[in-house]
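Subject: Structure handover

Hello,

Here is the structure I said I would pass on. My notes on what turned up in it follow below.

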Amino acid sequence: AAPRSAPRPAPPAMTSDSPAAAAAPPSAPPPSARAVATVNPIRNLVQSINLAPNPEKPVLSLSVGDPTVFGNLRVPEAVSAALAKAVVDGDANGYAMSNGAVAGRRA
């Protein structure tokens, strides 16, 4: 039989001011110790920036969900047409070469 690994230590207790505690619904299991210890330096940096929005420009939030549902980031028609043509033609099925498709490298 294979040897068993040592049991994992219990995760640290969540405090009411921890982000994980605020995000978890009451019925959710507690986050793992790794999740609690995970730090996102980019998020910390972005959240520390304090900028006022430009009153002459509309705000486009890119931080929550899919911004395309609001219709502000439409795919250009030429891109949609090229994608549809590639699907119909069947020329782009399968894996690309490891160094990339020739047409893509030329573009």
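Lysine 85 is exposed, at 54% relative accessible area (exposed means over 50%, buried under 20%, partly exposed in between, with a 1.4 Å probe and protein chains only). Its partner is aspartate 89: the two side chains form a salt bridge, 2.5 Å from N to O (a side-chain nitrogen of Lys or Arg within 4 Å of a carboxyl oxygen of Asp or Glu). Aspartate 89 is partly exposed because its relative accessibility is 38%. Both residues sit in helix α4 (residues 77-89), four residues apart, so about one helical turn separates them. Helices here are DSSP runs of H or I with at least four residues, numbered from the N terminus. Searching the whole structure gives one salt bridge.

This is a predicted model, in which local features need pLDDT of at least 70 and side-chain atom pairs count only at pLDDT 80 or more, while totals for chains, interfaces and linings use all residues. Residues are numbered from 1 along each chain as its sequence is written, and side-chain values use heavy atoms, leaving out hydrogens and water.

On confidence, the protein chain has an average pLDDT of 77, and 71% of the residues score at least 70 (pLDDT is the predictor's confidence in each residue, from 0 to 100). Where pLDDT is low, the predicted coordinates should not be read in detail.

Regards

Definitions and conventions:
Helices (H or I, at least four residues) and strands (E, at least two) are DSSP runs, numbered from the N terminus.
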